[in-house]
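The sequence and structure come first.

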Amino acid sequence: MSTEIKNKTDALKVTFKDGKIIVPNKVAIPFIEGDGTGPDIWKATKKVLDAALKTAYKGEKEISWIEVLAGQKAFDIKQDWLPKDTLDTVREYKVAIKGPLTTPVGGGIRSLNVALRQIFDLYACIRPIKYFDGVPAPVKNPEKVDLVIFRENTEDVYSGIEFKRDSSEAKKLIEFLKSLGHNVRPDSGIGIKPISEFGSKRLARKAFEYAVKSKKSSVTLVHKGNIMKYTEGAFCEWGYEVAKSEFRNNILTEEEVNKGSQPNGKIIVNDRIADNMFQQLLSRPEQYSVIATPNLNGDYLSDACAAQVGGLGIAPGANIGDEIAIFEATHGTAPKYANQDKVNPGSLILSGVMMFDYLGWDKASKLILDAFANTIKQKKVTYDLERLMTDATLVKTSEFADIVIQSMI
Ligand code: NAP
């Protein structure tokens, strides 16, 4: 087993100039293979990513992979769940990819994934949700779902402050709230969820930048502002402020369109109350394209949408800040299947596709997406999809990767 960072090189780094990413043709990317089924899906993913670069760019573009440790493997080797080395390397190279990590039980760290997001201030959790033809799905028209969710990743319940029922803090707060004219039952636990202008605006900005760059038709601000006006409602107002002050030439609000303005290819900005959004995403998902939302709404919406198109096994994700970005499988370590070459590597492979898009290596990401879709269409799938399909061929994790690679040629 490898104990140290491999192939570390000082050249080949992603850098930024005036907020724009600069990617050398031969770039070094740190990876965390992950725990449980992580090594299986990472091996398959690396193979697919390298093959796509080779096919698309004939050696002109290349990744030099740097292994960094986290999770169980890091603990076994270094007695540290998240070593400083790992953090330094990710900070230095700026773009990383990771498999799933075990959440230490009874340790000081609540979740390594949450820790990584907080340490690097990765404030946008981005989850594209798209249907691949042939994947068994629970809804009638899963192909109508084609969304990208931008979920705020640092505030709301992620920085929620809680006090236990009967604690001196809870009692003090209840007293304080009474002095402000609010009656809270004395046997209550208390939770506070902060949502700031700064945090909301930078998340909304990321969503609008993406919508402009990717020529999307709309951005929807999803909130619960009818009930929580100064947190959820304010998130929505701040989103509109960013749209109007920073993207005025690219957008029209739904209200402006309703008053007769012609969209003429502009991005329509609207907002929806979260509960309404859930039913609309089931009844007419084709009307939505990019969603920007606070943390908790985004948590529920991302998984609900992923379920609509066939589940978490193929749902990719990225956590992105101003410069640092970590691409990751959205499912957990599925430890009962560890080292069986069995599980679906789709989530991590498609996270790699997001990483290529982020690096501006679109030719390689398109190649993988087409090959991935083609493999599923051929019904050559891992156990999770095979058990739900008729006449499908069951393949192992590594075989799935090989078929995707063969489909690229
Ligand atoms: P999980 O690892 O996601 O597994 C739950 C179930 O989802 C599996 O039993 C399997 O279903 C299915 N599944 C997961 N990954 C799959 C894949 N690649 N292909 C096909 N099916 C897949 O959730 P968990 O059992 O609750 O969590 C296990 C560990 O992972 C915990 O330590 C948890 O903290 C951690 N975790 C990490 C992350 C992360 O790193 N991002 C996220 C969530 C959880 P079947 O049993 O039906 O086959």
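## Ligand site

In this predicted model, a polar backbone atom of Thr 333 is 3.0 Å from an oxygen atom of the ligand. On its own the ligand has 880 Å² of accessible area, of which the protein covers 65%.

The ligand is surrounded by 19 residues. The closest are Thr 103, Gly 332, Ala 334, Tyr 337 and Tyr 383.

## Helix α12

Helix α12 runs over residues 362-377 and has 16 residues. At 1.5 Å a residue it should span 22 Å, and this agrees with the 22 Å between its end C-alpha atoms. The buried residues of α12 are Ala 364, Ser 365, Ile 368, Ala 371, Phe 372, Thr 375 and Ile 376. Seen down the axis of α12, these buried residues fall within an arc of 135°, so they line one face of the helix.

Which exposed residues does the face of α12 turned away from its buried side carry? They are Lys 363, Lys 366 and Lys 377.

## Positive phi angles

Most residues other than glycine have a negative phi. Just after α12, Lys 379 takes a positive phi of about 65°.

Lys 215 is not a glycine, yet has a positive phi of about 50°. Lys 215 sits in the loop between α6 (197-213) and β10 (218-223). Is Lys 215 buried or exposed? Lys 215 is exposed, with a relative accessible area of 74%.

Asp 341, also not a glycine, has a positive phi of about 55°. Its place is the loop between β15 (325-329) and α11. Asp 341 is partly exposed, at a relative accessible area of 21%; the cut-off for buried is under 20%.

Technical notes:
Residues numbered from 1 in each chain as written. Predicted model: local features only at pLDDT ≥ 70, side-chain atom pairs only at ≥ 80, totals over all residues. Heavy atoms only, no water. Helix = DSSP H or I, 4+ residues; strand = E, 2+ residues; numbered from the N terminus. Expected span 1.5 Å × (residues − 1). Buried < 20%, exposed > 50% of the residue type's maximum accessible area, 1.4 Å probe, protein only. Arc of directions from axis to C-beta. Near = heavy atom within 4 Å. Polar contact = N/O pair within 3.5 Å; in protein donor to acceptor, adjacent residues only side chain to side chain. Areas by Shrake-Rupley, 256 points an atom, 1.4 Å probe, with all protein chains shown as cover.
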